[in-house]
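Good morning, and thank you for making time for this presentation. I would ask you to look at the sequence and the structure together while I speak.

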Amino acid sequence: MKRIFLYILCMAMLTTAAKPSFRTSELARLAQALAIDTEMLPDGYSHPTTDGIKLTVHKTGQTTDHIGIYLFTEETRQTGKTPIFDFLERYFLQLKYPPQHKSMSNMTRDDLFTFLAGSLETVDDLLVTDDFGYSYDDHRYQATWQRNGNTLLSVAFPVEYELISGENKIEAEDNLQTDISNTTVAVPSDKPKVKSDHYLSEHITNRLYLAKGELIASARHPIESCANMMLSLQAKGDYTVSITQMSYGFKKTVFEVPLKQWIAFCQNQGCKLFFGPEKLTDNGDVEGVVIAVNKAENYNHVLTVTMLSDLLDVGKGTIQARLYPYIPTHNVLNMFAAYKKSNPKIFVTK
């Protein structure tokens, strides 16, 4: 009897392990609608044909994270890193195979997606060799395909993370820890670049602090050192950040990652990092905020951090942080309205 129970348990585990994994429920729906056997596809990009449509499918670690109509070659993707390549491929496929409760017209209406020239049928005639270009501002993207100087298709859509990524807020938050942990850290070999941009307030900047060409890392200069370590992969020290992630529905998730892996994740996602000091205690502890700004998808990650002075003395240790991820930019502006009006103490060497 015990052997039978163990056999059933093992079979159940194997069945569970064999179940295809998808980054979002919508990708799982598309795979089912098109009868795509993703288990048979390799990691990376592949281009199966189903229902007469050549597709682009991408897998990472056996998880399918993209399904769409084949419109862009891998060479094109490498020339300009932008989230709209995946978005356009996936969204056109979604319009061809909309969810049961929605029609194509309902989708485009709700998503504020507009055909400026051409139509969904035009997508079938596009070639990967066609000229493609796009532009965007704080509100909308416009993408256009041309051939021999003639416009074939032109579309416009909002700069909105959930639309472009295909993830709802809950899915994005649930995927975040894995995304950070899977990020590869590549420290630049060139000298740190001096920057002087600010965000929301003149006290929240991407400024790095150097002495004799090296990034400052000293308990004698806690604000400057904290700014460097929060913004640059080239900063000295071996730090871990303990993140309490605040998610939808008051959900909290606690995890630890190397600080530089967090920075690399933000940079790889197209975010620009800013740091603002909020408090410097008498014993040299620093409290501050890191804002990762993604203009291409109109969201911010907000990370509040506490850096103990003892860590600067030894050049390693764990920094406590609280993360508010994927906040729409207009919400962040409201969050920091009080910050802009305050007059925080700034202890920075000019």
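Which residues does Leu-259 touch, not counting residues up to four places away in sequence? They are Met-229, Met-230, Tyr-239, Thr-240, Val-241 and Ile-319. Please bear in mind throughout that this is a predicted model.

Leu-259 belongs to the largest nonpolar core, which has 43 residues. It is among the residues with the most contacts inside that core, and so are Met-229, Met-230 and Ile-319. Trp-262, Phe-275 and Met-307 complete that group. Apart from this core lies another, of 37 residues, which include Phe-85, Tyr-91, Tyr-141 and Leu-163. As a general background, nonpolar side chains in soluble globular proteins tend to be buried together.

Twelve helices and 19 strands make up its secondary structure elements. Of its 350 residues, 44% count as buried. The C-alpha atoms fill a box of roughly 75 × 70 × 40 Å along the principal axes. Among contacts with a separation of 6 or more, 54% come from residues 24 or more positions apart.

I turn now to the charged pairs. Side chains of opposite charge can pair when their charged atoms come close. In this model the count comes to 13 salt bridges, and I shall describe three of them.

In one, the side chains of Glu-167 and Arg-23 meet, with 2.3 Å from N to O. This pair links distant parts of the chain, 144 residues apart: Glu-167 sits in the loop between α6 and α7, and Arg-23 in the loop between β1 and α2. Are the two partners buried or exposed? Glu-167 counts as buried because its relative accessibility is 3%, under the 20% cut-off. Arg-23, at 24%, counts as partly exposed. Salt bridges that share partners also bring in Asp-179, so that Arg-23, Glu-167 and Asp-179 form one network.

Another salt bridge joins Arg-147 to Asp-130, the closest N and O atoms being 2.7 Å apart. Arg-147 lies in strand β8 and Asp-130 in the loop between β6 and β7, so this pair ties together parts that are 17 residues apart in sequence. Asp-130 is buried, with a relative accessible area of 9%, whereas Arg-147 is partly exposed at 29%.

The last pair I shall mention is between neighbours in number, Asp-110 and Arg-109, with 3.0 Å between the closest N and O atoms. Here Arg-109 is exposed, with a relative accessible area of 54%, and Asp-110 is partly exposed at 40%.

How much space lies in the largest pocket? The value is about 1500 Å³. Of the 43 residues that line it, the closest to its centre are Arg-23, Asp-65, Lys-81, Asp-86 and Gln-269.

Thank you for your attention.

Key:
Residues numbered from 1 in each chain as written. Predicted model: local features only at pLDDT ≥ 70, side-chain atom pairs only at ≥ 80, totals over all residues. Heavy atoms only, no water. 1 Å grid on protein atoms, 1.4 Å probe; cavity = no way out; pocket = protein on both sides within 12 Å on 5 of 7 lines; lining within 4 Å. Points joined across faces, edges and corners; volume = space filled by probe spheres on them. Salt bridge = Lys/Arg side-chain N within 4 Å of Asp/Glu carboxyl O. Helix = DSSP H or I, 4+ residues; strand = E, 2+ residues; numbered from the N terminus. Buried < 20%, exposed > 50% of the residue type's maximum accessible area, 1.4 Å probe, protein only. Core = buried A, V, L, I, M, F, W, Y, C linked by side-chain atoms within 4.5 Å. Contact = heavy atoms within 4.5 Å.
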